[in-house]
Amino acid sequence: MRFLALAVLLLFPELLVAQGFRTFSGRNHPEIDWRVAETEHFEIVYPEHLEGIEAEAATIAEETYAALSETLGVSFDRPIRVYLSDEDEIANGFAVDVGRAGFTNIWVHVNETASIWTGDAKWMRTVLAHEIAHIFHYRAIKAPIGLLQNVFANPIPSFWAEGFAQYQTERWDAQRGDRWLRTAVFEDRLSYSDGLSAWNGRLRYAVGNSQVRYLAETYGDSTITNILNHRKTLLPGIKVHDFYSAFKAEVGKSYRTFYDEWRKHVNVYYNTLAGQMERVDSLGAALPLPGQYVYDVAYSPDTSQVAALVLSSVARPVRRLAVIEGLTDTTITRRVRVLAEGSLEAPVAWSRDGTRIAYARTVRGRYGSLVNDLYAVDVASGDTRRITHNRRASSPTFAPDGRLAFVGSVGGTANVFLLDASGEETQLTEFTGDVQITTLRFSPNGTRLAFARFGPEGERGLVVLDVESGDIESVSVSGTDDRIPVWSPDGQKLAFTSLRDDVPNVFVLNLEPPAPSASLRELSPLKGDSFLSMPEGREENGGGERRVTHLFGGATAHDWLPPDSLHPDGRIVLVTSESKRRERAYAVDASRTVTVETPVSTPPQYAAWTEHRPPNEVPFRTIADPGLIEARRRYSSWANITHAGSFALPYAELDGSDYGFFGTTLWLEPLGKHLFLGVVTVSIPDFADETLAFFSYTNNQFRPTLTLNAYRTPSPARWYGSSLLVEDLIGGDLTVTQPLDLTDAPYVRTTADVRLRLAYADPFNDSTFVDVADGLLQPESGTRADVRLGFTVKRQRPYRYNDIYPLDGIGLRARVTGGVPVLGSENEFIRPDLSAFWVSPSLGIGRVYVYGRAQAQFGQRLAQDFVGLSRFDDIDLQLPFIDPVTLSDAERVRGYRRYAVGDRVLFGSIEYRLPPVFDLNTSILGVIGLGRVSPAFFLDAAAVWTGSDFDNAIRRTGAGFEIKNRLTLGGFPIIHAFGVAQRWRDLGATIDRESLDLYYRIQATLPF
């Protein structure tokens, strides 16, 4: 059954994200009451508590439809479904080519979007138009064979898909292209799949965005439409769209030739810019911080310690809050301590007495939602305390008296709050509407707060808030995206980061004495937010503002150190890079000033692509029009079950004894509430006996996930005795799985599950098992009626090679299975099963892996469901998105090739695993890949006995050496291994064929 699920995923990988928002969050949300608003071309699906958002979405959606339909000549005969949700703080959306019109799921009301993007377009406009562009792209290249087109052609490479959507609906700017592309071009590392950079995801978007703009500007927008309309003949009467064939036919050159042309073009453009801007080497020596990428740097009040929020490495993408003691400009003379890790968000903040650090982290909130909450860690002890719960809080900053200010978001509106020692909140701002706030900072004396604000009308800028009076002052230059304010030690200046260069650079602003300002409570953000219109006349290098950096690769300011004998104005701590592979921090003189006499420029013919626009633009500013909504109704998940794909193929036995057809079908619901999978093999000569079927239904309408399987199908083959055992299974099972949020510790997953099973098993050709030995009994027919209760907890940090060489991990799984003598079942038993594993920190150059398992059985099961040790290693796979595939429940002591049967088992294994020594780096037909190779030494031991007779237990110990290899099948990793083992008692004895166990196995590196 699981192999069938894997086959579907290999053929249609886009279905992995077709399971609604839960694909990313792993949680169902039965508490949400979904509603539908119908427009001419869309169905907007939204939670009832977000009522009002549908009018905004409808306006943007219809404007996007009009522009793209005109450009591409594409229309839809069914409404496009748009699903909006604020259940998680995830700044993302996705579109799926399933059904007659496709659908898109989008997270809304995410404060983080203000820092991820730039420009004046609000999140809803940016993401909704983008995802609808994907759906138009899908429709433009659609083929009669549906998703099977992906098997026989490459219709939509990811860079092309993202570039097309960005070009049609967005402008070229710093955050959606320029700052990532310029660094890659300058370093000559344009590959976004080389695994070298945490920015590769953004680089993929930037490369596609730039190439589509260059293509349109050079060859005309009609060329893009012609590419989408091109088809090649697969079979007579069947045509498909292949991007690379279409590109060559319509552009007149291969994509590879075009790529080289584009690469040379952007090289001229960016290197011309680089020649007019600063280089990183002008900043002096970098601070030796740990980590490959730096998200924030904050010195303690006495500057004796430095807190750094860093990413360990691209291969080990763990965000860590490290405190460094004894940091100088070039060396770490004392120690580095990691105080926190997980999904940590910048900025971090020291308490004024230097004893605590506050930070935000993405954790599970109410109903399992992924939200940001605040934590504080004691610097000396490392003790951590969660400050807020389900608050959607970010950007903490300490006042001198110990109170903590932070940004809290409710219903898409961010405001500033002050939290006292008792936990009581005071709201300091009263913004309304679509407002986001980032990087909140207290002034040194605690009387003012500076922050970056993204207002309802798309206005961006820095704001200074008087804590006592509530008065606010806008301090940014009109039309610039200024962010990340940093106070000078005397509170008279602000350093900040601006994106006015298409990359971030650092500026300093002299703050004027506080002027009379309207009270915050008298301002009306709904009337245009005029109080945040940027002051006119405050231009760069004038009006108290000066430039600190003019770096080609950009820089962001994070801290301002107090004056010292060498730096009377102090030093500004900034982070920059000219390489996509690493970021570095520098402490530069705060008086540093860069004067740009002439704005940087490039020849117009090389810059034209950055300004090129599509023939029909989607408006960047719209006014919500409720009149577009033609009808409203409650949402029915059953009515929205959508056909995802079906196909059928004939089959025939070589001798003609059997023939018929094989077919499969998949149906799903865009919120992931329902999933149907059916596989059937219909025999024409012997319909009654040879027809096989498997049906699976998954329900996510409730808090737990329910999976119901019904089948008449052969079981996967497994070794039994010296033959392969295959059973004819007729029956079904129901599994209930509930994720548990028992702890907020990072990287921990806890689940409970219950499985009810009723299935009749009839072994094929049981006469072949007459030679069973070692205590095995003849396999028998019978009904399995049992209940299994399970609990699993596992902690493992992410690592690129966890599948072959995990660096850490610990887990516990407890299961109890009980046989129920009902409906024909005569087996009544209890079978407890406890297993655990642990991967040590580094020991020498490798890692120690320890695994243990204890099983027992009270009562009787079918003979083939024995408790004991196996003779062979059966397949054990752990693949993403589907349950583990395990064909046998018995362990094996390597070095032995005999069964051991009893009703009690203790098994243990210890391995010393060495890092991958080389990479085979081999691809076969583009589907099978051979990757890294990792050696390991091991020792297995086990005891099998019956009842209380442990003295007569069968005891086995084996040792040996194994070579593991990472095999990929259609992108899914499988670990297989070759090994040699020997019984412990034979070690050192004569080596011969009888004493050596040479084996091959497919086994996951961790048991669960």
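View 1. Because its relative accessible area is 16%, Ile-484 counts as buried, where buried means under 20% relative accessible area, exposed over 50% and partly exposed in between (1.4 Å probe, protein chains only). This residue of the predicted model has a phi near 55°, a positive value in a residue other than glycine. Ile-484 is placed in strand 24, residues 482-487, helices (H or I, at least four residues) and strands (E, at least two) being DSSP runs numbered from the N terminus. Residues are numbered from 1 along each chain as its sequence is written, and side-chain values use heavy atoms, with hydrogens and water left out. In this predicted model, local features need pLDDT of at least 70 and side-chain atom pairs count only at pLDDT 80 or more, whereas totals for chains, interfaces and linings use all residues.

**View 2. Tyr-747, in the loop between strand 39 and strand 40**. Although Tyr-747 is not a glycine, its phi is positive, at about 65°. The loop that holds Tyr-747 runs between strand 39 (727-740) and strand 40 (748-763), and the residue counts as partly exposed because its relative accessibility is 22%.

**View 3. The cis peptide bond from Ala-346 to Pro-347**. The omega angle of this bond is near 0°, and Pro-347 has its place in strand 12, which covers residues 344-350.

**View 4. A patch of negative charge on the surface**. Glu-653, Asp-655, Asp-689 and Glu-690 gather here; for such a patch, residues must have over 30% relative accessible area and no salt bridge, and like charges are joined within 9 Å. A salt bridge is a side-chain nitrogen of Lys or Arg within 4 Å of a carboxyl oxygen of Asp or Glu. Glu-690 lies in helix 14, residues 687-690, and counts as partly exposed because its relative accessibility is 39%.

**View 5. Leu-987, in the loop between strand 54 and strand 55**. Strand 54 covers 972-983 and strand 55 covers 996-1002, with Leu-987 found in the loop between them; at 39% relative accessibility, Leu-987 counts as partly exposed. The C-alpha atoms of Leu-987 and Glu-653 are separated by 50 Å, the two residues being 334 residues apart along the chain.

**Setting of the views: the protein has 14 helices and 55 strands**. Buried residues make up 56% of its 1008 residues, and its C-alpha atoms fill a box of roughly 95 × 70 × 55 Å, taken along the principal axes.

Conventions: Patch = residues over 30% accessible without salt bridge, like charges linked within 9 Å, V, L, I, M, F, W, Y side chains within 5 Å. Areas by Shrake-Rupley, 256 points an atom, 1.4 Å probe, with all protein chains shown as cover. Lys, Arg positive; Asp, Glu negative; His and termini not counted. Charge placed at Lys NZ, Arg CZ, Asp CG, Glu CD.
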